[in-house]
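Subject: The structure we talked about

Hi there,

Here is the structure I promised to pass on. Have a look at it first, and then read on for my notes.

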Amino acid sequence: NYYYPPPPFIVMKLLSILLLVLTTSFGLHQKDTVSLTPSTRNLSQVPKMSTPRLALRAVSLSIIFVPVIWTAWIAWLIPSFRRRLWYPLLTKSLGAGGATFVKWAQWSATRADLFPEALRKQLILLQTGAPTHSYRHTLRELENAQVSNLLKQIDRKPLASGSIAQVHIARLKNGQRVAVKVRHPRVAQLLALDSRLMVNAARIVDLALPWLRLGDTVAQFSETLAAQARLDVEAINLHRFNSNFYDWKDVRFPRPIFAAPSVLVETFELGDVVNGLPLVHPGIKNPPPSATSAEVGAFLVNRGQDVYLKMLLRDRFMHSDLHAGNLLFHDVSKDDPIDHLDENNRILKRIKRSVVLVDAGMAVELTDDECAAFIGLMEALGASDASEAAKCILAFSPSNAKTISKQQCMEFEHDLNLLFQTKCQGYGTGVDFGDVVRGILELCRRHHVRVDSNYATLVINALCLDGLAKDLYPSYSVLDGARPLLQIHRALLGPPQIQRNQLQRQRKGLRFRFGTFLFNRFCLPVCWRLKRVHDSSMLRRLHNLPEKFT
């Protein structure tokens, strides 16, 4: 059933490759640079793009996507053509477009609220099967990074390929099995070109729709992508995540061993990609051998939510790419534990199951105000308080205080109250978290409410978690699962104080300081235990109601 592209597509692809070579060779040695985000300013620099290179890249992308555009009207009229031919053609075009488009496809594959299932099944192929580069390029990058002398052997065939790099399994000279990530050729240059094109397009959109301020958002997204192109930045993120989750024995991140801008050597972590795991619910007879039990689905959803809440409530450091393609499930008891010891050589065999998070190149540092506003929104959802939710959402961007009038705020709150009356009745009512959040985003679009990039990251990760729960643990309520932590957090720190669409919480107040210390040091361990009790009761209820899943 493999789809072979028609000859015109192959010809256009060859032309696009020629333009791509011209694009990446012209002006490659320019010395002017622009800095990235403050957290990576000393680590990452991307070259400024000249107008001819931008024009060549624009033409190259146009050629790549011409078949998709030409056949779009047929896909719109004929559903069978759309499912069997046009979706695979779109996926191939996105893969040929480069890292920026592959990253968009990987994100889109997790958005069941935006895209049909047939399209998402095709886009999923780009989460672990993105285009690969040659083995010769891998060896050349290893030589340039002076890491080849550390390796005893490296597999010729890559284990997986992503939008930025591909992964090879290798052995160090001491026999340890490791994963070697090697950046694709010309990724940094192509990201810079695509980012500049996106920024220019966003500026044109801002001329027609200035309230969107799309240029700022796209610029922030472009800087994040450019930082991800530096694998040494990913190593720094991995060090921090390993430190934050040091005490969590069933949650692991790869540990970096060697890092360079284009090469990253890290521990090899065993596991199966969560995305696409077949799930068997209670009551189904004769499940396939590869099927995943309901208990495994519950474990993945519960632990995924725990990780998300810890990053939000305590660490203030969020993995920006928490889709199911970056999660691995590992049954530790089935494997030889020699290859996966922790930093102190402690064997992980005693842990029955674990979840591994990979691809930490995209991560954001959250401010106290950003955490307070988003946590305040989640608390408002649990309390079914539309007024407080509206205040928190309006605080998602400082520009809302200037661009949205008092009358518009009242209209937004009124529509949000109608949404809450029909879809969000609070804790214990089976709230469809994803449906409510999608309704909120639609209201933001309708009322021109701006959402800054870090808030968008939190929202997208929350929707990815909700989508994971719907796939692996349909009876689980994401909002109810977070209830113990959110209620204790609210009791100790109080609700955020928002005036004129801006957060006004007194950060130097005694209650805030003492409440934060008490919550982080003493209450969080109790909260995790309460949450696990809640999760266990939900799982027992799932086994008692098999008829819903047969």
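A polar contact here is a pair of N or O atoms within 3.5 Å, where within protein one must be able to donate a hydrogen and the other to accept it. The start of helix H14 gives an example: a side-chain oxygen of Asp385 comes to within 3.2 Å of the backbone nitrogen of Ser387. Please keep in mind that this is a predicted model.

H14 spans residues 386–394 and is mostly covered, with seven of its nine residues buried. Those buried are Ala386, Glu388, Ala389, Ala390, Cys392, Ile393 and Leu394.

Now for the overall picture. The protein chain has 21 helices and 16 strands, and 53% of its 550 residues are buried. Of the contacts between residues at least 6 apart in sequence, 71% join residues at least 24 apart. The accessible surface of the chain is about 26,400 Å², and carbon and sulfur atoms account for 57% of that.

One nonpolar patch on the surface is worth a look. Trp73, Trp76, Leu77 and Ile78 form it, and together they have about 530 Å² of accessible area. Leu77 belongs to helix H3, residues 72–77.

Leaving aside residues up to four places away in sequence, Arg303 touches Trp248, Asp250, Val251, Val355 and Arg532.

The structure holds nine aromatic pairs. In one of them, the ring centres of Trp86 and Tyr87 are 6.0 Å apart and the planes are at 55 degrees, so this pair is tilted. Both partners are buried, Trp86 with a relative accessible area of 15% and Tyr87 with 6%. Phe245 and Trp248 make an edge-to-face pair, because their planes are at 80 degrees, with the ring centres 5.3 Å apart. Phe245 is buried at 3% relative accessible area, and Trp248 is buried too, at 12%. Ring pairs also link Phe245 and Trp248 with Phe241, Phe253 and Phe317 into a cluster.

Finally, the salt bridges, of which the whole structure has 14. Here are three of them:

- Arg230 and Asp232 meet at 2.7 Å, N to O; Asp232 is buried, with 13% relative accessibility.
- Arg240 and Glu365 meet at 2.6 Å, N to O. Arg240 lies in helix H11 (residues 231–244) and Glu365 in strand E14 (residues 363–365), so this bridge ties together parts that are 125 residues apart in sequence. Arg240 is partly exposed at 32%, and Glu365 is partly exposed at 41%.
- Lys310 and Asp315 meet at 3.0 Å, N to O; Lys310 is buried at 7% relative accessibility, and Asp315 is buried at 13%.

Happy to talk any of this through.

Best wishes

Notes
Residues numbered from 1 in each chain as written. Predicted model: local features only at pLDDT ≥ 70, side-chain atom pairs only at ≥ 80, totals over all residues. Heavy atoms only, no water. Contact = heavy atoms within 4.5 Å. Patch = residues over 30% accessible without salt bridge, like charges linked within 9 Å, V, L, I, M, F, W, Y side chains within 5 Å. Areas by Shrake-Rupley, 256 points an atom, 1.4 Å probe, with all protein chains shown as cover. Salt bridge = Lys/Arg side-chain N within 4 Å of Asp/Glu carboxyl O. Helix = DSSP H or I, 4+ residues; strand = E, 2+ residues; numbered from the N terminus. Buried < 20%, exposed > 50% of the residue type's maximum accessible area, 1.4 Å probe, protein only. Phe/Tyr/Trp six-rings, centres within 6.5 Å; stacked < 30°, edge-to-face > 60°.
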